[in-house]
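Dear colleague,

Please find below the structure that I am handing over to you. My notes on what was found in it follow directly after.

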Amino acid sequence: MAATDTTPLFPTTLISTTVSSALPEGYIMRPLRQSDYHHGFLDVLRVLTTVGDISEESWAERYNWMKERSGEYYIIVVEETSSGQCVGVGSLIVEKKFLRNCGQVGHIEDIAVAKEMQGKQFGLRIIQALDYIAEKIGCYKAILDCSEQNEGFYVKCGYKKAGIQMAHYYGDNKPKA
């Protein structure tokens, strides 16, 4: 499939109508589409960290890999309807466990809002939408890692400190000091 495909990554019925209706006029919330390669998805992610030079072919390969794992990857986009551009993104990755009766944990990742769109509560709405999906699909909790500077934002979103994050980076992926 070419990156012009508008098939959603997951069923649109998993997007909370309550959350999406709280967006400002002119914006919608929806699942990631393969065509978002051409609509600024990667540019929004660059607000967070290094993304790299991802070819359309690599994008399509990764998108299709995620789509084949139905029930594991839920990536949402806030789209500015007048331009069709992505202005906010976030991911929920579901981990299947043996704990809690073979339960599921949702990992919230890669919450990003385009710099010029920050302050419009898109980040809050993305978190709310991902929480809704996590609960709706049966996760017993959702967890996320964040920097200390972002802790206050996530507390406002209903999260609380529950431990310490540790990381071991490999190769050239070590964070800059």
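Ser 91 lies in strand 3, which covers residues 85–96; strands (E, at least two residues) and helices (H or I, at least four) are DSSP runs numbered from the N terminus. The model is predicted, so local features need pLDDT of at least 70 and side-chain atom pairs count only at pLDDT 80 or more, while totals for chains, interfaces and linings use all residues. Residues are numbered from 1 along each chain as its sequence is written, and side-chain values use heavy atoms, with hydrogens and water left out.

Ser 91 has a relative accessible area of 6% and is therefore buried (under 20%, with a 1.4 Å probe and protein chains only; exposed is over 50%, partly exposed in between). Beyond its neighbours within four places in sequence, Ser 91 is in contact (heavy atoms within 4.5 Å) with residues including Tyr 74, His 107, Asp 110 and Leu 130.

Strand 1, residues 27–31, has four of its five residues buried. This strand pairs with strand 2 (residues 73–80) in the antiparallel sense over five bridges; pairing requires that DSSP finds at least two bridges between two strands. Within this pair, Ile 28 has Glu 79 of strand 2 as its bridge partner.

As for the whole protein, there are six helices and five strands, arranged along the sequence as α-β-α-α-β-β-α-β-α-β-α. Of the 177 residues, 38% are buried. The C-alpha trace spans about 40 × 40 × 35 Å along its principal axes.

Yours sincerely
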